[in-house]
Amino acid sequence: MSAAPRETLPEEDQMILDAINKWLDRDVRPHVLRLDHADEYPEDMVEQMKELGLFGATIPVEYGGLGLSATTYARIVETISAVWMSLSGIFNSHLIMAACVARQGTEAQKAFYLPQFATGELRGGLALTEPDAGTDLQAIRTRAVKDGNGYVINGTKTWISNGIHGQCFALLVKTDPEAQPRHKGMSMFIARKDEGFRVSKKMEKLGYKGIDSAELIFEDYKISADDLLGGEEGRGMQAALGGLELGRINIAARGCGLASAALMDSVKYAQVRKTFGKPIAEHQAIQLKLGEMATRLQAARLLTYDAARAYDSGQRCDMEAGMAKYFASEAAVENSLEAMRIHGGYGYSKEYHIERYYRDAPLMCIGEGTNEIQRMIIAKQLIERNPA
Ligand SMILES: Cc1cc2nc3c(=O)[nH]c(=O)nc-3n(C[C@H](O)[C@H](O)[C@H](O)COP(=O)(O)OP(=O)(O)OC[C@H]3O[C@@H](n4cnc5c(N)ncnc54)[C@H](O)[C@@H]3O)c2cc1C
């Protein structure tokens with residue numbers, strides 16, 4: 001359901017979206033409340049997501065993926081997030097890892113990893129954040145030291161999505177801690193779970209339930225030089241940042257999904273809930289809220305699809321992706337709060353979805369670069385594109 005007309009997708013992409021919508025109605029929607037409240041990993045849905053090809057959504061066709069554009073991908077993410085945002089995290093972090101390999105990997109790495117990522121046989125995510133370094137990634141301490149034909153890695157990563165159920169991670173490390181500028185001493189490895197690589201704990205969270213977020217420990221973890229992304233040291237930060245543009249468009253799309261679910265639930269509820277002898281939708285105070293929520297959603301969507309189009313055309317789009325991520329995530333937070341007000345006490349009840357939107361939305365303001373950082377990126381780009 002949509003608040004305003006949407007642009008049309010190519011026919012084949014629309015068929016994929018239709019299949020996803022059917023799957024959401026049949027196999028996801030009826031189970032969301034139970035799984036979310038139990039914080040249970042949706043094993044069956046992951047298997048169905050494999051069949052739908054979602055783990056290969058943006059992986060090029062020649063490597064077995066669907067090769068979808070960022071625009072179609074954003075529509076898929078928005079659609080899924082309107083039903084259960086956590087599901088989009090299961091394939092999105094995985095696809096950012098795949099994007100790192102597709103953009104920066106050697107031919108051998110692409111040929112080996114991408115087909116396994118595309119089927120979902122080998123799944124995982126992005127391991128950048130550490131207990132003492134999130135925004136300031138150049139301050140990470142995980143260290144890879146050359147050892148014969150490979151490297152030995154020691155360190156801790158935290159908040160890693162898919163950390164427990166995933167088997168493979170794009171792992172950001174320091175190969176030269178003394179390097180200046182610091183990013184020149186950073187590299188990325190494609191790290192599969194093996195001896196020396198373990199999960200130390202599951203992170204307990206406010207929302208974003210069902211998907212596992214974990215702390216990962218690397219203790220004398222040995223990795224082959226063949227798994228150094230791009231076969232060259234010093235390109236880790238570039239790989240991490242390259243993946244974040246698509247990641248930010250994805251977060252924006254998740255924000256649109258949540259903002260739209262909060263709005264559409266409210267539109268329906270306002271027509272059936274009566275006070276003072278009439279549906280609350282007839283009270284002007286409620287109409288003002290619905291009007292603001294719908295406008296905010298539409299603006300968030302326009303920014304998101306503008307960023308996705310820029311990404312698809314190969315343009316630099318850090319400013320566009322930053323604007324979309326910032327605005328759409330704030331729209332999700334605001335719409336979920338307004339939905340709670342419209343639903344009154346029922347908005348606070350676990351029998352409805354509203355309290356879940358309210359718990360899930362703030363993550364969009366933090367992940368893939370906080371909204372403070374997004375505004376700084378926007379300002380920097382604005383100045384760079386408009387010299388005095
Ligand atoms: C549920 C969840 C899932 C996640 N999944 C992953 C994952 O899969 N992989 C991964 O690597 N990470 C993941 N993260 C980590 C996430 O990316 C970081 O939490 C985020 O980047 C912020 O880092 P931080 O928490 O260390 O905050 P900090 O960097 O400590 O920031 C704290 C505050 O200071 C502000 N701040 C920092 N620097 C500046 C500055 N220069 N100017 C102005 N303000 C500043 C920030 O905006 C923020 O408000 C996840 C986090 C969560 C909560």
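Hi everyone, thanks for coming. I'd like to begin with a pair of helices, H6 and H7, which are roughly antiparallel to each other. Please keep in mind that what you see here is a predicted model.

Why do we call H6 and H7 roughly antiparallel? H6 covers residues 236–272 and H7 covers residues 284–312, and their axes cross at roughly 155°. Angles over 145 degrees count as roughly antiparallel, and so H6 and H7 get that description. The axes of the two helices come within 9 Å, and their crossing is left-handed. What sort of residues make up the contact of H6 with H7? By class, there are 20 nonpolar residues, along with four polar and three charged ones.

Now let's step back to the whole chain.

Between them, 20 residues of domain 1 are in contact with 23 residues of domain 3.

So which elements of domain 1 give two or more residues to the side that touches domain 3? Those are helix H2, residues 32–38, and helix H4, residues 70–104. H4 gives the most to that side, with 17 residues.

Methods: Residues numbered from 1 in each chain as written. Predicted model: local features only at pLDDT ≥ 70, side-chain atom pairs only at ≥ 80, totals over all residues. Axes fitted to C-alpha atoms, helices over the stretch in contact; angles between N-to-C directions. Helix = DSSP H or I, 4+ residues; strand = E, 2+ residues; numbered from the N terminus. Parallel < 35°, antiparallel > 145°, perpendicular 65-115°, else oblique. Left-handed = near helix turned anticlockwise from the far one by under 90°. Nonpolar A, V, L, I, M, F, W, Y, C, P; charged D, E, K, R; others polar. Contact = placed C-beta atoms within 7 Å.
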